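Subject: Structure handover and findings

Dear colleague,

Please find below the sequence and structure that I am handing over to you. My findings follow directly after them.

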Amino acid sequence: MWEPGGAVSAADLRPDIPHPARMYDYYLGGKDNFPADRAAAEKALAANPEFRSTARANRGFLTRAVRCVAAHGVDQFLDIGTGIPTAGNTHEIAQTADPAARVVYVDNDPIVLSHARALMAGTRSGRTTVIHADLRRPDALLDSVRSADLLDLTRPVGLVLAAVLHFLRDEDEPYRAVTTLLDALPSGSHLVLSHGTADFIPAEIRDRVTGVYDKATAPLVGRTRSQVHAFFDGLDLLEPGVVTVPLWRPDDTPAPGADRVSMYGAVARKP
């Protein structure tokens with residue numbers, strides 16, 4: 001069942017400014033993007049051709065991670081920074097495991113709200129909604145989640161932060177945001193997190209890529225493995241811990257170079 005998340009005017013979409021969510025959609029082969037997004041994405045791909053394969057690897061990680069959390073008995077998910085809906089959304093994965101699973105998507109970008117009604121319909125028994133809120137204001141975000149009255153925050157929740165935290169600068173306090181969200185969730189909740197890194201990228205390429213995103217609506221802040229690991233402080237990491245996303249419980253033998261894909265991912269349980 002679809003629960004509306006709010007109306008969006010066409011003027012809010014700003015098609016003249018590259019948008020990370022629409023650029024990501026382009027990397028994945030989607031069609032929900034504008035010429036400015038495609039031009040910026042092509043510049044990023046020219047600097048680092050692996051952007052496209054990294055985006056696809058991250059979607060694979062999301063599928064496996066949500067499936068894993070659902071297998072641990074979690075039947076409600078809070079997916080923040082969901083981006084433009086595409087194949088293999090969190091609600092599709094969760095509701096395949098449990099048709100009654102409930103999913104709340106949160107994003108601060110009008111483009112997401114404009115596409116959600118058409119592309120995020122839930123199953124007959126499961127429910128899905130989209131909330132307009134900002135990860136940089138986690139307390140207000142949680143208030144919006146509570147107001148939606150879809151998730152029971154006294155029961156375990158799967159908190160999904162897939163490829164979103166690298167759009168927050170250090171001054172946006174990303175670690176505080178994650179801690180605030182986790183503090184509001186009970187024992188048995190799980191954190192699914194993936195994050196871009198420049199660990200395997202030469203400085204010249206890194207600077208060219210970040211330059212592209214500096215002209216978009218959000219920056220790109222790659223963090224090291226140890227910095228990504230710090231998001232899981234106080235949690236019980238599931239095996240194999242913090243690894244590049246193709247190496248997190250792969251369904252098939254990873255391709256050569258999988259250990260140098262520029263995205264880390266992990267899943268952890270709140271004790």
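Where is the place of Glu173? Glu173 lies in the loop between strand 5 (158-162) and helix 7 (174-183). Please bear in mind throughout that this is a predicted model.

Backbone geometry

Most residues other than glycine have a negative phi, and most peptide bonds are trans. The phi of Glu173 is positive, near 55 degrees, in a residue other than glycine. Arg249 is likewise not a glycine, and its phi is positive at about 45 degrees. Arg249 belongs to the loop between strand 8 and strand 9, and with a relative accessible area of 37% it is partly exposed. Pro240 sits in the loop between strand 7 (236-237) and strand 8.

Salt bridges

The count of salt bridges comes to 9. Glu173 takes part in one of them: its side chain meets that of Arg176, with an N to O distance of 3.2 Å. Glu173 is partly exposed at 40% relative accessibility, and Arg176 is partly exposed as well, with a relative accessible area of 34%.

Another salt bridge joins Arg146 and Asp143, whose closest N and O atoms are 3.3 Å apart. Both residues belong to helix 6 (residues 138-148); because they are 3 residues apart there, about one helical turn separates them. Arg146 counts as partly exposed at 45% relative accessibility, and Asp143 is also partly exposed, with a relative accessible area of 45%.

The side chains of Asp134 and Arg137 form a further salt bridge at 2.9 Å, N to O. Arg137 counts as exposed because its value, 52%, is over 50%. These residues also belong to a network of salt bridges that links Asp134, Arg136 and Arg137.

Packing of helix 1 and helix 2

Two packed helices are described by the angle between their axes and the distance between the axes. For helix 1 (residues 20-27) and helix 2 (residues 35-47), the axes come within 9 Å and cross at roughly 65 degrees. The two helices are therefore roughly perpendicular to each other, and helix 1 passes helix 2 in a right-handed crossing. On the side of helix 1, the contact is made by Arg22, Met23, Tyr26 and Tyr27. Helix 2 contributes Asp37, Arg38, Ala40, Ala41, Glu42, Ala44 and Leu45. By class, this contact has 7 nonpolar and 4 charged residues, with no polar ones.

Which residues are in contact with Ser262, leaving aside its neighbours within four places in sequence? They are Thr54, His195, Gly196, Thr197, Phe200 and Ile201. Ser262 is located in the loop between strand 8 (243-244) and strand 9 (263-269).

Yours sincerely

Key:
Residues numbered from 1 in each chain as written. Predicted model: local features only at pLDDT ≥ 70, side-chain atom pairs only at ≥ 80, totals over all residues. Heavy atoms only, no water. Salt bridge = Lys/Arg side-chain N within 4 Å of Asp/Glu carboxyl O. Buried < 20%, exposed > 50% of the residue type's maximum accessible area, 1.4 Å probe, protein only. Helix = DSSP H or I, 4+ residues; strand = E, 2+ residues; numbered from the N terminus. Axes fitted to C-alpha atoms, helices over the stretch in contact; angles between N-to-C directions. Parallel < 35°, antiparallel > 145°, perpendicular 65-115°, else oblique. Left-handed = near helix turned anticlockwise from the far one by under 90°. Contact = heavy atoms within 4.5 Å. Nonpolar A, V, L, I, M, F, W, Y, C, P; charged D, E, K, R; others polar.
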